[in-house]
Amino acid sequence: MFIDSAKIFIQSGDGGNGAVSFRREKYIPDGGPDGGDGGRGGDIIFRASDSLNTLLNFRYKRKFVAQNGENGQKANRSGKSATHIVVEVPVGTVLKDIENDKIIADLDENGQELIVLKGGRGGKGNRHYATSTRQIPNFAQSGVKGDSMWIRLELKLLGDVGLVGYPNVGKSTILSKVSKARPKIADYEFTTLSPQLGVVSLGEGMQFVLADIPGLIEGAHEGAGLGHQFLRHIERTRLIIHVVDISGYGKEEPIDAYHKINAELSEYSKVLGEKPQIIAANKCDVLEDMELIQHFVKELESTGNKVFPISATTGEGLRELMFYAATLLKDIPKPALYDRTEEEVLFTVDKDKGYDVRKENDIFVVEGKRAERILQSTNLSDFESMGYFQKTIRRIGIIDALEDLGVEEGDTVRFVDFEFEYRR
Ligand SMILES: Nc1nc2c(ncn2[C@@H]2O[C@H](COP(=O)(O)OP(=O)(O)OP(=O)(O)O)[C@@H](O)[C@H]2O)c(=O)[nH]1
Ligand SMILES: [Mg+2]
């Protein structure tokens, strides 16, 4: 069975807390602070691997949870950082955020890696907080929490040659005749519901993978029918066999059908529109009028593509067609990355944090929806509420972000419309 999609849960580890501790040595009555830092939580990393071909493994293992970093310890000992979890997926896997269906990553190359969830940073131990006026810091920094999300994995099939055409033209019949694949074949439209792959072996090491997808109809590029969700797969192939049924219709109809499908391909993407094609005029066995075939061949060879009159049923012409495909493939390099648009793929996986931290002149500014909500829920004149406010902005990483920008004791922070002096 071929599974090309899976839903999994991932969670990165929390950072360990920094320790509060003071040196205790004989003859040293008031030792300074020596609380070590917390360790970092484990990341969730995805890696594309050539050795996997399906998403089958994810039927059995659906949760990937990284461990937390250890807490800091006394005597300046840092807590151990957790090991990262590496999730291996087949080359050609697309990662999507289930919440909004956004593409997080498109792992196309063997060995390509991406950190999808970062583990939380460890908190600093109290030894970092000693100053000339504060020699006994009775606090340390908490570790930052990890993050979690549901992800959908989708595997784009990687065939060398794709069979493309209207429904019911005989694509699956062709695949079944030239490979060991056994796709469903029937005399009605949309028999094929998901992509099928077969290996075509022509002897002497000549072989390629042939992909059969559901039939395309007009409007496919906008999502009509079934085929459109699989055009992505065809985009990855190096060559298209464009199948046209030339039986039973008039002289011009098959030609018209050919152009209509090509228009759909071009509308879907430039890559698809420009992919090299071979044209297969199928169901020749039921044609009595040879002139019809000749007309079709003559008309369409003017497009620069070669036309093969075939019959998938009797097998006539199939061998020549497959050999020609194999010959063309020799000169078409395997694609590395295909054209992708910026907005489509987000290689940075920082989920929207809901706040933004920046430095404006000498002021540190924190803004954003989440920051606003936190502020609204805080009673600025209440001690406990303020304590909670501080905890929250630490937990979600605002303090870390401020420190990364170089904030120091006494600097001004403008939190939405609330200004305060920074104190550790
Ligand atoms: N006479 C004749 N019938 C054929 C030939 N090739 C396919 N057929 C018939 O056409 C019908 C459709 O064939 P399929 O291979 O299922 O067509 P398809 O293009 O895969 O169709 P979808 O999966 O719906 O897109 C079946 O009844 C086949 O037996 C052929 O060369 N000659
Ligand atoms: Mg089919």
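Modeller: Pro-254, Ile-255 and Tyr-258 in α3 meet Phe-296, Glu-299 and Leu-300 in α5. Contact here requires C-beta atoms, placed from the backbone, within 7 Å. The contact residues comprise 5 nonpolar, no polar and 1 charged. Ala, Val, Leu, Ile, Met, Phe, Trp, Tyr, Cys and Pro count as nonpolar; Asp, Glu, Lys and Arg as charged; the others, Gly among them, as polar.

This is a predicted model: local features need pLDDT of at least 70, side-chain atom pairs count only at pLDDT 80 or more, and totals for chains, interfaces and linings use all residues. Residues are numbered from 1 along each chain as its sequence is written, while chains are lettered from A and ligands numbered from 1 in the order in which they are written.

Now the geometry. Helix α3 spans residues 253–268 and helix α5 residues 290–301; they pack at an angle of about 30°, with axes 10 Å apart. Axes are lines fitted to C-alpha atoms, for helices over the stretch in contact, and angles run from 0 to 180 degrees between N-to-C directions. The crossing of α3 past α5 is right-handed; that is, the near helix is turned clockwise from the far one by less than a right angle. Helices (H or I, at least four residues) and strands (E, at least two) are DSSP runs, numbered from the N terminus.

Next, the sheets. One is open, with 4 strands in the order β15-β16-β17-β18 and mixed pairing. Strands pair if DSSP finds at least two bridges between them. β15 (356–360) and β18 (418–421) are the edges, each with a single partner strand, so one side of each has no neighbour in the sheet. Neighbouring strands are turned by 20° on average, direction ignored. Inside, β16 (residues 363–367) and β17 (residues 412–415) run parallel over 4 bridges. There, Val-365 has Arg-414 in β17 as its bridge partner.

Another open sheet has 5 strands, ordered β3-β1-β8-β5-β6, again with mixed pairing. Its edges are β3 (63–65) and β6 (103–107). Its twist averages 25° from one strand to the next. β1 (residues 5–11) pairs with β8 (residues 148–155) in the antiparallel sense over 7 bridges. Ser-5 is bridged to Glu-154 in β8.

Last, the ligand. Around ligand 1 stand 23 residues, with Gly-170, Ser-172, Asp-187, Thr-192 and Gly-215 the closest. The shell takes residues whose C-beta atom, placed from the backbone, lies within 6 Å. Helix α1 (residues 171–178) gives the largest share, 3 residues. By type, the shell holds 8 nonpolar, 10 polar and 5 charged.

Terms used
Two residues are in contact if their C-beta atoms, placed from the backbone, lie within 7 Å.
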